[in-house]
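Work through the exercises below with the sequence and the model at hand. Each task is followed by a solution in steps.

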Amino acid sequence: MALEIRQVQRLAQQLVMTPQLQQAIKLLQLSRVELEELVSQELQENPTLEESPAGEPETPSAKPEEDLPDRIEPVERAREPTAADKIGTMDWQDYLDTHSNSLHGSLTAESGGDEDEGPPSWENTLTKKTSLEDHLVWQLRMSRLSGDEEKIGLYMIGNLAENGYLALSLEEACHATGGAPETAEAVLKKIQLFDPPGVAARDLRECLLIQLQNLGLGDSLAARIVSDHLAQLENRRFEKLARELGITVDDIVAASQVIASLEPRPARGFDEEEIRTIIPDVSVEKIGDEWKIFLNDEGLPRLRVSSFYRRLAGQQGAEEEKARQYLQEKVRAATWLIKSIHQRQQTLYRVTESIFKFQREFLETGVSQLRPMVLKDVAEDIGMHESTVSRATANKYVHTPHGLFELKYFFQSGLRSGNGEDIAAESVKDKIRGIISTEDPKRPFSDQHIAKLLSDDAIGIARRTVAKYREAMGILPSSRRRQPYLRK
């Protein structure tokens, strides 16, 4: 068979993801905080993008190609030069160096102005939360210690675990600092008297004993139980403990309540993790007989394209070609950003509206009436792809009359109940939580009994499923929940 080379013409269609589409996808899956950061960054980098004054409507979305004239009308030579004409004679480098809006002006004022004038820079207003190490080092500096003792103390403080316990032995501390064992033991005793009580303990037993001594209960029954019978106390063997100590069960119960008031994790008040505040992207409120959806635009700047730079982008002249191309590119980028944000908000509204179209009973009643739902249900309802729904619900939160929830929370797997209806796994957890909240603390329900109660409510799940859901909610088993001598 002979081989030959020839040209063939073929017509085919191909999907191409434009940069604008990539930007829209990126904006859709951003969280609210990330979107605010992106808008703030664009306001700094793009001179044609500006924030609209309050009350002024935003720039309507339009095709970027329509905003920029491709052909420039001839300019009459006799007329006076306008601002657009004068811009062609500007020194752009000098303009960028000296141009100052409110943001740039504040920065230049801070860097170049008199230190006695104007407000302090934002760096000087930042505060730092005191760490456990800083708190202990401050107390160590205030103690009258020798140089060797302070060296050992600093080494011990620097080797505390996250829970505040000492994470190394005295031998290791002596080997690293060259101190004597007696000196290291004395320094450790002093550190253990610092605030918070129980810090630098080597185990739970020592931590609780330090706190009892700090309370003046070093010789109490609670200290004896912690010192010699802590395992029996954890297993709630009160009768056996009372027989061994020769006291009544009521005395054991009273001592256990004192022990329960102690802090097993001394570093709890110095956790590095900050409380994260979540601002909802959407809120749902009932007005009359209808549920209304409101997008939360508070905090997001209202953007528009600067009309001044839009006019400059259409200036004429070969010498201004670079500036004109630069401004046209920036105007297009600003217009696409505004259009993408509009599209993001519209998609978020439609997705939220569809979610609560399926979860209306949740709005009326609560978590117990949550229905099982998948992304495909919403995607088919609003005519979008499942991936779009997934991006629109990522890192977004909605405020409802029953609390603040992530939008993905409403996509739950389901179980088939005895009456043939599907019920969401979160609803089953809510029922388990409700059953446990009504149990007698002296005789808590076992997982098997909870499964039986659920089957009576037409929810047939196994005991192991009850145990899995209970552990997921952080609820202890019945043997650990039992409080046989609870005092009212």
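**Exercise 1.** Determine whether Cys-174 is buried, partly exposed or exposed, and say where Cys-174 lies and what Cys-174 touches.

Step 1. The relative accessible area of Cys-174 is 11%, so Cys-174 is buried; buried means under 20% relative accessible area, exposed over 50%, and partly exposed in between, with a 1.4 Å probe and protein chains only. The model is a predicted one, in which local features need pLDDT of at least 70 and side-chain atom pairs count only at pLDDT 80 or more, while totals for chains, interfaces and linings use all residues. Residues are numbered from 1 along each chain as its sequence is written, and side-chain values use heavy atoms, with hydrogens and water left out.

Step 2. Cys-174 belongs to helix H9, residues 170-177. Helices (H or I, at least four residues) and strands (E, at least two) are DSSP runs, numbered from the N terminus.

Step 3. Apart from neighbours within four places in sequence, Cys-174 has contacts with Gly-179, Ala-180, Pro-181 and Ala-184. Contact means heavy atoms within 4.5 Å.

Step 4. Glu-185 is 11 residues from Cys-174 along the chain, and the two C-alpha atoms are 9.7 Å apart.

**Exercise 2.** Which residues of helix H8 are buried, and how are they arranged around the axis?

Step 1. H8 covers residues 147-157, and its buried residues are Glu-149, Ile-152, Gly-153, Met-156 and Ile-157.

Step 2. Viewed down the axis of H8, these residues fall within an arc of 135°, so they line one face of the helix. The arc is that of the directions from the helix axis to the C-beta atoms.

Step 3. Gly-147 and Asp-148, on the other side of H8, are exposed.

Step 4. The cover over the buried residues of H8 includes helix H7 (132-142), H9 and helix H10 (181-192).

**Exercise 3.** Describe the largest nonpolar core and name its main contributors.

Step 1. This core has 26 residues, of which Ile-355, Phe-356, Val-378, Val-398 and Phe-410 touch the most other members. A nonpolar core is a set of buried Ala, Val, Leu, Ile, Met, Phe, Trp, Tyr and Cys residues joined through side-chain atoms within 4.5 Å.

Step 2. At least two residues of this core come from each of strand S2 (282-287), strand S3 (290-295), helix H17 (321-358), helix H18 (360-364), helix H19 (375-382) and helix H20 (386-393). H17 gives the most, with four residues.

Step 3. A second, separate core holds 23 residues, among them Leu-132, Ile-152, Met-156 and Ile-157.

**Exercise 4.** Which way does S2 run relative to S3, and which way relative to strand S5?

Step 1. S2 and S3 run antiparallel and are joined by six bridges. Two strands pair if DSSP finds at least two bridges between them.

Step 2. Opposite Val-284 stands Ile-293 in S3.

Step 3. The hairpin of S2 and S3 has two residues between the strands, and Gly-288 in this hairpin takes a positive phi near 70°.

Step 4. S2 and S5 (residues 397-400) run parallel, with two bridges between them. Ser-283 has His-399 in S5 as its bridge partner.

**Exercise 5.** How many aromatic pairs does the structure hold, and how is the pair of Phe-308 and Tyr-309 classed?

Step 1. The structure holds seven aromatic pairs. Rings of Phe, Tyr and Trp (its six-membered ring) pair if their centres lie within 6.5 Å; planes under 30 degrees apart count as stacked, over 60 as edge-to-face and the rest as tilted.

Step 2. The ring centres of Phe-308 and Tyr-309 are 5.4 Å apart and the planes stand at 70°, so this pair is edge-to-face. Phe-308 is partly exposed at 32% relative accessibility, whereas Tyr-309 is buried at 7%.

Step 3. Tyr-409 and Phe-410 also form an edge-to-face pair, with 5.6 Å centre to centre and 85° between the planes. Both Tyr-409 and Phe-410 are buried.

Step 4. Ring pairs link Phe-356, Phe-362, Phe-405, Tyr-409 and Phe-410 into a cluster.
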